[in-house]
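Colleague: Hi! I'm new to this one, could you walk me through it?

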Amino acid sequence: MSFSDIDREMMALALQLAERGRYSTSPNPRVGCVIAQHDKVIARGWHIRAGDGHAEVNALAQIASAEDCTIYVTLEPCSHLGRTPPCADKLVAANVARVVVAVEDSNPLVAGQGIARLRDAGIQVDVGLMAAAAAELNKGFMRRINGGLPWLRLKSASSLDGRTAMASGESQWITGAAARQDVQRLRAQSCVIVSGVDTILHDNAQFNVRPESFAPEQVNEFWRQPLRVIVDSTLRTPVNAKLFDEGGEVIIATVVQDPERYAPLSAAGAIILSLEDDGNGRVSLPALMRYLADLGCNEVLLEAGPTLTGSALRAGLVDEWFVYMAPSLMGSSARPLVDWPMTKMAGQQALEIVDIRAVGKDWRIHCRLPALLGGA
């Protein structure tokens, strides 16, 4: 299919609109829509949060008529009745002339049926414009909705010699303020932040998102804090941890099956999740990821020490890794970036670097495992 320069301009705008839902649409996908008449934009919309109008409906509500217009939408219009009516039916009723779709919806409830519904009504439908960008925006949703696991990002901070904490566990602060603010962006777009109990014990971290780190237009009434999950196999989380100070859901994932030991943490506000172990008395991370997928979580951010980091990598769960590297040395007795014992060069794990950039005085290295390149 050949697309015009106007088509590309309109879809680029639709993608910008979809980006506005990056921090609020979960568990739904991020979708943007532009309505054009005679190559001029007459309406635009984006999906804000689950349960509210979809992008197409929000755009249609801005105009009296969309007859003979072209609709540019970043994801195939839905064809099923969920919390809201099918968008495909809305477009048919509006008597639009043409619909340009960036990428098909991989949701089995849609999966080409929205496009078929439009074509059956005599509407011209063109698919595939800026598909890679649209798929990248919703890679977590697309994987999960097909019965897969959430998209797992790993975040680490280290010194130049690859150390993440002193031998005592002290780690605040390795990187500077600019890097820590950049991490806020990763947190905000995640459905869940996962960490280990050791990080709570050593840093007393809250793992929340601070709205002051974002532009005012990004912080609105739809702002949400991610779910926080602490992997705590033996229930060592202190009941007075800062994690519980500001409310919001906290799950403690454990292998302990003694309800009496749950009571203090439950009283502090935690939800206790008992999971199978990995054969070594620790929480099974694949089991945890399956649980989060069942909750409707599209994207998970893992911020953890070397042990949990190594476990996630060895389990093949990590899709991409953000390492913030400070221009400092912490010494050979400090804790390593990852606990993954190797004795031979043949055992090394190759990574593909996607991007390297300066963030304040630090460097951010973004990489993926080669087998996972290309997204969901």
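Modeller: Here is a short tour of the sheet, a few helices and some single residues.

Modeller: This is a predicted model, where local features need pLDDT of at least 70 and side-chain atom pairs count only at pLDDT 80 or more, while totals for chains, interfaces and linings use all residues. Residues are numbered from 1 along each chain as its sequence is written, and side-chain values use heavy atoms, with hydrogens and water left out.

Colleague: Great. What is the strand order in the open sheet of nine strands?

Modeller: The order is E11-E10-E9-E8-E12-E6-E13-E16-E15, and the pairing is mixed. Strands here are DSSP runs of at least two residues (E) and helices are runs of at least four (H or I), numbered from the N terminus. Two strands pair if DSSP finds at least two bridges between them.

Colleague: And which are the edge strands?

Modeller: Strand E11 (270-274) and strand E15 (352-359), each of which pairs on one side only. From one strand to the next, the twist averages 20 degrees.

Colleague: What holds paired strands together in general?

Modeller: Backbone hydrogen bonds, with the strands of a sheet either parallel or antiparallel.

Colleague: Let's zoom in on E13. Which strands does it pair with, and in what sense?

Modeller: Strand E6 (residues 151-158) pairs with E13 in the parallel sense over six bridges. On that pairing, alanine 157 has tyrosine 324 of E13 as its bridge partner. Strand E16 (residues 362-368) runs antiparallel to E13, and six bridges join the two. There, methionine 325 is partnered by tryptophan 363 in E16.

Colleague: Which strands does helix H7 lie across?

Modeller: Helix H7 (residues 177-188) lies across E6, E8, strand E12 (299-303), E13, E15 and E16. The helix runs at about 165 degrees to E13. Such angles run from 0 to 180 degrees between N-to-C directions, using axes fitted to C-alpha atoms, for helices over the stretch in contact.

Colleague: New topic. Where does UniProt place the feature "binding site"?

Modeller: The UniProt record, an unreviewed entry, places it at His54, Cys78 and Cys87. They are spread over 34 residues of sequence but cluster in space, with a largest C-alpha distance of 9.1 Å. UniProt positions follow the numbering used here, feature names are shortened, and annotations may be inferred rather than shown by experiment.

Colleague: Is cysteine 87 buried or exposed?

Modeller: Buried, because its relative accessibility is 1%. Cysteine 87 belongs to helix H3 (residues 87-93). Apart from neighbours within four places in sequence, cysteine 87 is in contact (heavy atoms within 4.5 Å) with His54, Glu56, Val57, Pro77 and Cys78.

Colleague: And where is histidine 54 found?

Modeller: Histidine 54 is in the loop between strand E2 (40-46) and helix H2 (55-60).

Colleague: Now helix H4: which residues are buried there?

Modeller: In helix H4 (residues 113-120), those are Gly114, Ile115 and Leu118. They cover an arc of only 100 degrees around the axis, so they sit on the same side of H4. That arc is taken from the directions from the helix axis to the C-beta atoms. The buried residues of H4 pack against H3, strand E4 (98-101) and strand E5 (124-127).

Definitions and conventions. Buried means under 20% relative accessible area, exposed over 50%, partly exposed in between (1.4 Å probe, protein chains only).
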